[in-house]
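Hi everyone, thanks for making time.

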Amino acid sequence: MIECRAPGKLYLAGEYAVLSPGRPALIMAVDRFARVRVTDAATTTVNTDLCAGHEHSIARDGDRVRLRHHDRPADQLAPVAAAIAIVERLVRERNLPLRPGRVEIGTDLHGTGGRKLGLGSSAAVTVAVIDALARHHELRLPPAHRYRLAMLASMTADPHCSGGDLAAATFGGIVRYQRPDPRALRMPTGWTVDDALHRPWSGLSITPVEIPPGLRIEVGWTGSPARSSERVAVLYSRGGTEDPRYGRFLARSDAAVDRITVALTDGDIAAVAAEIRLVAASLVTLDHEMGLGIMTPALSELCRIAEASGAAAKPSGAGGGDCGIAVLDAADRDAARAITTGWRRAGIDPLALALVPSTALAPSTAVCATQKGTPA
């Protein structure tokens with residue numbers, strides 16, 4: 001039996017900018033997890049609490065995989081199907097036997113009633129499934145290759161995905177991430193998955209960044225789930241990354257991410273907060289100019305309450321709902337209490353989240369265990 005888990009994420013800075021190859025973002029892994037267990041079985045099936053614990057069978061068409069429940073396609077599990085497909089393709093390329101398995105998926109990345117929190121649940125599930133299945137087939141993949149497999153799988157479902165959440169789920173800690181050029185991910189006829197794992201990916205950069213002990217990050221959930229893909233689709237429908245308004249945003253975002261990286265390294269909490277405010281202002285400007293729907297009334301109120309208590313605040317991710325963050329000095333406990341109290345009064349749910357320590361470049365990135373026997 002193999003058990004793996006991968007963490008969720010929060011964006012500190014660089015959302016939307018990270019859609020452009022080579023543009024940086026800072027993403028933090030947090031201690032809510034997707035958990036995957038794989039046990040030997042006669043045929044491969046998927047059981048997940050994402051779909052009320054229903055068991056899904058596998059339908060294969062060449063290198064493609066689809067999940068079905070009672071012969072109905074489970075399109076909401078497309079990322080899981082893509083993760084299974086890419087691992088199986090690599091297994092066949094390496095002339096290893098396919099080992100059927102029962103794949104069990106659970107997650108605490110959702111709120112009451114199964115509503116998404118905006119913590120990157122799909123990415124965490126994708127990373128954990130790939131890690132567990134790779135270990136199940138004894139592929140012995142380093143973290144960088146697991147990230148690449150997750151990116152290849154995710155791009156089949158969403159060509160615009162940045163992969164920042166995949167990097168955080170794979171490497172933990174805070175990563176300074178730059179998306180690869182999508183053209184580097186295309187696999188021409190004759191290419192193998194191993195080719196894609198070992199050849200250069202233009203634009204890609206994943207670098208760990210230390211978080212200073214004096215920095216405190218409060219997280220609030222607005223209670224309104226949002227789909228990042230919808231906001232991104234609006235961006236592309238209104239000129240996308242070629243729009244000059246987006247270009248101006250990129251310049252501001254890049255400079256802020258660079259300065260935040262330096263401030264984090266130096267432990268300069270005041271400088272981090274000042275730059276977070278600039279990032280928030282840039283997102284508001286982008287939203288106003290391009291009508292993306294980033295700032296909802298709840299997110300605006302979340303930020304207002306945090307700023308009134310002396311913190312710097314912004315949406316985390318694509319906006320339209322989900323979460324916002326407040327950055328402040330860890331020593332200012334009165335401000336932290338004022339923020340969470342104010343959020344609760346405004347109907348915003350404070351989330352008790354902590355940084356998942358970085359395991360970047362270590363032999364085992366996601367937290368995994370190999371056991372004998374069957375699940376209890």
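Predicted model: local features only at pLDDT ≥ 70, side-chain atom pairs only at ≥ 80, totals over all residues.

Residues are numbered from 1 along each chain as its sequence is written, and side-chain values use heavy atoms, with hydrogens and water left out.

Okay, overall build. The protein chain has 10 helices and 14 strands; those are DSSP runs, H or I of at least four residues for helices and E of at least two for strands, numbered from the N terminus. Along the principal axes, the C-alpha atoms fill a box of roughly 60 × 45 × 40 Å. Of the 376 residues, 53% are buried, and buried here means under 20% relative accessible area with a 1.4 Å probe, protein chains only.

What about contacts, meaning heavy atoms within 4.5 Å? Take the ones between residues at least 6 apart in sequence: 75% of them join residues at least 24 apart.

Now the core. By nonpolar core I mean a set of buried Ala, Val, Leu, Ile, Met, Phe, Trp, Tyr and Cys residues joined through side-chain atoms within 4.5 Å. The largest one holds 107 residues, and Y16, L67, I84 and M151 touch the most other members. Leaving out residues up to four places away in sequence, I84 touches V46, I58, V65, L67, V129 and L133. There's also a second, separate core of 13 residues, with C303, A313, A335 and W343 among them. As general background, nonpolar side chains tend to be buried together in soluble globular proteins.

On to the two residues. Is D322 buried or exposed? D322 counts as buried, because its relative accessibility is 6%. You'll find D322 in the loop between β11 (312-315) and β12 (323-329). Setting aside neighbours within four places in sequence, its contacts are K116, L117, G118, G220, W221, T222, S224, P225 and A226.

The other one is M290, in helix α8, residues 269-290. M290 has 3% relative accessibility, so that one counts as buried too. Beyond residues up to four places away in sequence, M290 touches L235, R238, D243, R245 and Y246. And M290 and D329 are 39 residues apart along the chain, with 33 Å between their C-alpha atoms.

Definitions and conventions
Buried < 20%, exposed > 50% of the residue type's maximum accessible area, 1.4 Å probe, protein only. Contact = heavy atoms within 4.5 Å.
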